[in-house]
Amino acid sequence: MRDLTQCRPGLIVFAIPYVFILNPERGGGRATIASTRALPVQCLDPKIKSLSRLHFDLAMLQGKAAGMDVALMLDLDGHVTEGPGFNVFVVKHGQLFSPPEGILMGITRLTVFELAAEHGIPAREAQLTPYDLYAADEVFITSTAGGIMPLVEIDGRPIADGKPGPVSQRIHGLYWQLRESGTDAVPIFD
């Protein structure tokens with residue numbers, strides 16, 4: 001049996017070219033709501049980024065088997081949480097909503113809240129259901145691997161007109177302006 005008190009912390013860093021979860025030229029991603037549920041916070045707090053990812057992997061495999069780009073996950077009560085490696089935002093009547101709990105508090109998610117506050121876009125945390133996704137004006141996901149990525153279809157249902165919406169496009173532009181400014185980014189390759 002391994003004794004965790006005898007383990008020594010370590011750090012490994014990979015510097016690789018930027019990768020995207022979704023192809024940015026495709027004009028938005030397609031998602032499914034996975035039947036695999038997110039782990040309850042009482043079992044594994046999702047604020048801890050860990051290697052315990054089997055539930056994410058199962059959801060991702062289900063999404064790929066359905067021909068989708070990504071999978072979204074629900075908690076045991078049926079509320080939207082996150083996806084494997086990304087957070088979720090809904091836009092309704094010009095206001096942003098993102099799940100408040102059962103998620104990794106991603107730095108790109110936090111950046112969206114900061115950009116929204118700076119640019120007068122109402123944003124808040126709220127419990128979301130699958131219906132909120134289906135009835136949204138826009139849905140987008142956020143991740144360090146891709147930034148702001150609009151979803152245009154969930155479970156075969158188009159989101160609004162099935163194209164990336166103006167709010168997600170605005171947030172996307174503001175996010176990349178911030179990254180390119182060097183304020184919150186460090187160039188790896190010159």
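Q: Is alanine 160 buried or exposed?
A: Take the cut-offs first: buried is under 20% relative accessible area, exposed is over 50%, and partly exposed is in between (1.4 Å probe, protein chains only). Alanine 160 has a relative accessible area of 52%, so it counts as exposed.

Q: What kind of model is this?
A: Residues are numbered from 1 along each chain as its sequence is written, and side-chain values use heavy atoms, with hydrogens and water left out. Local features need pLDDT of at least 70, side-chain atom pairs count only at pLDDT 80 or more, and totals for chains, interfaces and linings use all residues, this being a predicted model.

Q: Back to alanine 160: what is its phi?
A: Alanine 160 sits in the loop between strand E8 (157-158) and helix H4 (166-181); helices (H or I, at least four residues) and strands (E, at least two) are DSSP runs, numbered from the N terminus. Most residues other than glycine have a negative phi. Alanine 160 isn't a glycine, yet its phi is positive, at about 50 degrees.

Q: How are H2 and H4 oriented to each other?
A: Helix H2 (residues 107-118) and H4 pack at an angle of about 105 degrees, with their axes 10 Å apart. Axes here are lines fitted to C-alpha atoms, for helices over the stretch in contact, and angles run from 0 to 180 degrees between N-to-C directions. Angles under 35 degrees count as roughly parallel, over 145 as roughly antiparallel, 65 to 115 as roughly perpendicular and the rest as oblique. H2 and H4 are therefore roughly perpendicular.

Q: How far is the backbone oxygen of isoleucine 107 from a polar atom of the side chain of threonine 111?
A: Threonine 111 belongs to helix H2 and is buried at 13% relative accessibility. Leaving aside neighbours within four places in sequence, threonine 111 touches Tyr175 and Leu178. Its side chain also has a polar atom at a distance from the backbone oxygen of isoleucine 107 of 2.8 Å.

Q: Which side chain does arginine 30 meet in a salt bridge?
A: A salt bridge is a side-chain nitrogen of Lys or Arg within 4 Å of a carboxyl oxygen of Asp or Glu, and the structure holds three. Arginine 30 is partly exposed, at 25% relative accessibility. Its partner, at 3.3 Å (N to O), is glutamate 153.

Q: How many residues apart in sequence are the parts tied together by lysine 92 and aspartate 137?
A: These two side chains form a salt bridge of 4.0 Å, N to O. Lysine 92 lies in strand E3 and aspartate 137 in the loop between helix H3 (130-134) and strand E6 (138-143), so the sequence separation is 45 residues.

Q: Is arginine 109 buried or exposed?
A: The side chain of arginine 109 meets that of glutamate 125 in a salt bridge (2.8 Å, N to O). Glutamate 125 is partly exposed, with a relative accessible area of 38%. Arginine 109, at 5% relative accessibility, counts as buried.

Q: Which side chain is joined to threonine 32 by a polar contact of 2.7 Å?
A: Threonine 32 lies in strand E1 and is buried, with a relative accessible area of 10%. A polar contact is a pair of N or O atoms within 3.5 Å; within protein, one must be able to donate a hydrogen and the other to accept it, and residues adjacent in sequence count only if both atoms are side-chain atoms. Beyond four places in sequence, the contacts of threonine 32 include Gly63, Met68 and Val70. The side chain at 2.7 Å belongs to aspartate 155.

Definitions and conventions: Contact = heavy atoms within 4.5 Å.
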